[in-house]
Amino acid sequence: MIRTQRTAAGVCALLAALAAGIAFPGGAVADETDETGQAAPKVELVLDVSGSMRTADIDGGTRMAAAKQAFNEVLDATPEGVQLGIRTLGANYAGNDKKTGCKDTAQLYPVSTLDRTEAKTAVATLTPTGWTPIGPALLKAADDLEGGAGTRRIVLISDGEDTCQPLDPCEVAREIAAKGVGLTIDTLGLVPDAKTRDQLSCIADATGGTYTSVQHKEELTDRVGQLVDRAADPVVTPVATDGTDQCSSAPALKSGLYTDREEFGQQRWYKVDVNPGQELRASVSVAADRAVNPDYGVLLRAVTVHGREIVRGEASGTGRTDVISTGLRYPKAESDDEGTTPETVCLQVTNSFSAASGVKTSPGLPVELTVDVVDGPSKASDVASFGLGRGWWLLGALVLTGFLAGLVWGWVSRWRVAVWRTN
């Protein structure tokens, strides 16, 4: 029934387009560019419409209802200039033949300039139906996004494991990454069990994407919206670097995004030059790409070449997140004595992760380090004073105000006592 309705709708849409003197939107057949002449970013939402999506365990409603609501809100908020498409898996075949069920993936809406009404209408027709061919759907989605130089992102939303083995979706993701096509796959698991979480995490890790576990409708809407918005951000290509075990031999970094690997419980060193009047801003994220013991942390320290700590940032976790991050800021004050000679700041990254029993410890954990050296505030020394920043002046003003208020109150109290005694 659904297939018949879609066919009729497609014929009507084609006739209307021909009557207007056009075929399909230009974005569906050719790459578009934004106002700067750059290739438009492309995103394809890949939605699991298998039978298990009928389960009612997300805020009192079904998983399918939560996905539809999220899609409608995301479609309304999709940035202009982003070409967006929708692909389904398990939406059409309800039978028991595995061979047929594992071919059940279709493009519900082509990757093109978004017509929100048309896309919402297509989503509204979906009914949980069949199998879960994640691997085949990813291969087709990669073909849908093929070509062009802009950002390309697949956002996969699923509530279960692939049911079409031996085509392992994790291997499919690795195959996509090995082609060097610059395509990122982000995954979201709806109320996932351990096996689903592991599979979706593996898919995301293979292409440098992210995995998110979703328990509520708001979480799903917010996360899908963030990923679509991210596609419109300028592309920043991480640079691989190799930290060392001491500052003296550490690689010298400039402003940018860097990736590295760090063994469990290890420390890595990097160097950054900071001129007087500049501010160093650094952040680090360490990802648990395998099973780890709970209770872990990451420490980022800025240290002088002589070993004196300047400032630090630290964070800890208890196993509720796959990534832990922290950051720091160091303003280098201007000084007539130093002139324009830069200061070499050593950045130390240390983690306290430990591998779970039977888990390999090599290669090390993925590390992402962001370094930004910018013009500092007008008086960098004020920012560093006692860790209070310019709030130091506010604190002084409050102390003075309190002192004066105390004097006035004391004088008034004595005057009232004197008047009382006289009366």
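Which residues make the nonpolar surface patch of about 420 Å²? Leu400, Phe403, Leu404 and Leu407 do. To count for a patch, a residue needs over 30% relative accessible area and no salt bridge, and nonpolar side chains (Val, Leu, Ile, Met, Phe, Trp, Tyr) are joined within 5 Å, like charges within 9 Å. A salt bridge here is a side-chain nitrogen of Lys or Arg within 4 Å of a carboxyl oxygen of Asp or Glu.

This is a predicted model, where local features need pLDDT of at least 70, side-chain atom pairs count only at pLDDT 80 or more, and totals for chains, interfaces and linings use all residues. Residues are numbered from 1 along each chain as its sequence is written, and side-chain values use heavy atoms, with hydrogens and water left out.

Now for the other patch. Asp59, Glu73, Glu218, Glu219 and Asp222 form a negative one, with Asp and Glu counted as negative and each charge placed at CG of Asp or CD of Glu. Helix 9 gives the largest share, three residues.

| Residue | Helix | Relative accessible area |
|---|---|---|
| Glu219 | helix 9 (residues 217–231) | 35% |
| Leu407 | helix 11 (residues 391–422) | 48% |

Both Glu219 and Leu407 count as partly exposed, which means between buried (under 20% relative accessible area) and exposed (over 50%), using a 1.4 Å probe and protein chains only.

Zooming out, the chain has 11 helices and 16 strands; these are DSSP runs (helices H or I, at least four residues; strands E, at least two), numbered from the N terminus. Buried residues make up 40% of its 423 residues.

Conventions
Accessible areas come from the Shrake-Rupley method with a 1.4 Å probe; for residues, only the protein chains shown count as cover.
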